[in-house]
Amino acid sequence: MSTHDTASDNKDVAKNLAEIQSNINAACAAVGRNPDDVTLVCVSKNHEADHVRKALVDGRRVFGENRVQEAAGKWPALRDEFPDLELHLIGPLQTNKLKDAVELFDVIETVDRPKLANALAKYRDKTGQCPDLFIQINTGEEDQKAGIAPKDADDFIKMCRDELKLPIIGLMCIPPVDEEPAPHFTLLGKIAERHGLKIKSMGMSGDYEAAIRLGATHVRVGTAIFGSRGY
């Protein structure tokens with residue numbers, strides 16, 4: 001793809017958002033859901049603030065970033081402009097970045113191991129600060145991917161909620177790229193249901209409509225909104 005093609009890819013954020021919202025509405029209608037019950041998380045990783053601002057100007061307020069450091073360079077100024085925005089961490093969180101993450105993000109979607117859960121609880125006890133949290137489930141049990149294994153999910157969720165008293169409000173998954181995503185979305189839904197968790201963050205640019213039909217409350221869409229990665 002040429003530089004010119006990439007620029008045109010990235011150009012019309014508002015048009016892309018309108019098309020995605022139309023697809024969300026249709027996926028909801030197909031299964032009798034209210035589109036207002038689905039939150040579009042605009043994944044802005046690797047895109048400059050000026051490009052991301054187009055989605056904010058269009059009225060979008062929920063955004064996802066993969067890396068704490070990148071978010072720290074981009075979002076404080078945007079939040080000054082748009083104080084009602086909601087920022088989600090959707091990439092892995094190392095405990096040495098925890099303080100920065102808690103200060104930057106409104107939601108951390110990637111609580112995935114006891115060490116991180118304990119660190120969040122300890123920081124909460126010390127400062128009184130803790131954003132809303134989702135637990136990431138590694139539904140494909142992929143070695144290279146973050147997330148708690150499905151077989152360990154029940155105990156981990158109970159530990160986070162009952163012992164550590166963390167504000168766990170939902171679950172998140174990223175299905176394997178080479179597999180049909182529907183069984184992974186179904187599995188996440190079953191785990192969420194067992195624990196009375198209503199929020200399910202699942203589905204990305206290529207499969208968000210299927211995710212919505214299977215109960216997703218949050219879909220994380222980046223490329224379909226902002227085009228190819230900005231940098």
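Reply: Before burial comes up, a cut-off is needed: a residue is buried when its relative accessible area is under 20%, and exposed when that area is over 50%. The coordinates are those of a predicted model.

Me: What is the mean pLDDT of the protein?
Reply: Of the residues, 94% reach a pLDDT of 70 or more. Residues 1-10 have a pLDDT below 50, and this stretch has 14 contacts in the model beyond near neighbours in sequence. For the protein, the mean pLDDT is 94.

Me: Is Phe-63 buried or exposed?
Reply: Buried requires a relative accessible area under 20%. Phe-63 has a relative accessibility of 0%. Phe-63 therefore counts as buried.

Me: How are the ring planes of Phe-63 and Trp-75 arranged: stacked, edge-to-face or tilted?
Reply: The structure holds 1 aromatic pair. The ring centres of Phe-63 and Trp-75 are 5.0 Å apart, with the planes at 50°. Planes under 30 degrees apart would be stacked and those over 60 edge-to-face. The pair is therefore tilted.

Me: How many residues apart in sequence are the parts that this pair ties together?
Reply: Phe-63 belongs to strand β2, residues 62-65, and Trp-75 to helix α4, residues 68-81. Trp-75 is also buried, at 1% relative accessibility. The parts tied together by the pair are 12 residues apart.

Me: Are α6 and α7 roughly parallel or roughly antiparallel to each other?
Reply: The axes of α6 (residues 114-127) and α7 (residues 150-163) come within 11 Å and cross at roughly 10°. Angles under 35 degrees count as roughly parallel. The two helices, α6 and α7, are therefore roughly parallel.

Me: How many nonpolar residues are in the contact of α6 with α7?
Reply: From α6 the contact takes Pro-114, Ala-117 and Asn-118, and from α7 it takes Phe-156, Met-159 and Cys-160. By class there are no charged residues and 1 polar residue in the contact of α6 with α7. The nonpolar count is 5.

Me: What is the phi of Asn-46?
Reply: Asn-46 sits in the loop between β1 (39-43) and α3 (49-57). At 13% relative accessibility, Asn-46 counts as buried. Asn-46 is not a glycine, yet its phi is positive, at about 65°.

Me: Is Lys-165 buried or exposed?
Reply: Lys-165 lies in the loop between α7 and β6 (168-172). Lys-165 is not a glycine either, and has a positive phi of about 55°. With a relative accessible area of 57%, Lys-165 is exposed.

Technical notes: Residues numbered from 1 in each chain as written. Predicted model: local features only at pLDDT ≥ 70, side-chain atom pairs only at ≥ 80, totals over all residues. Heavy atoms only, no water. pLDDT = per-residue confidence, 0-100. Contact = heavy atoms within 4.5 Å. Axes fitted to C-alpha atoms, helices over the stretch in contact; angles between N-to-C directions. Helix = DSSP H or I, 4+ residues; strand = E, 2+ residues; numbered from the N terminus. Parallel < 35°, antiparallel > 145°, perpendicular 65-115°, else oblique. Nonpolar A, V, L, I, M, F, W, Y, C, P; charged D, E, K, R; others polar. Phe/Tyr/Trp six-rings, centres within 6.5 Å; stacked < 30°, edge-to-face > 60°. Buried < 20%, exposed > 50% of the residue type's maximum accessible area, 1.4 Å probe, protein only.
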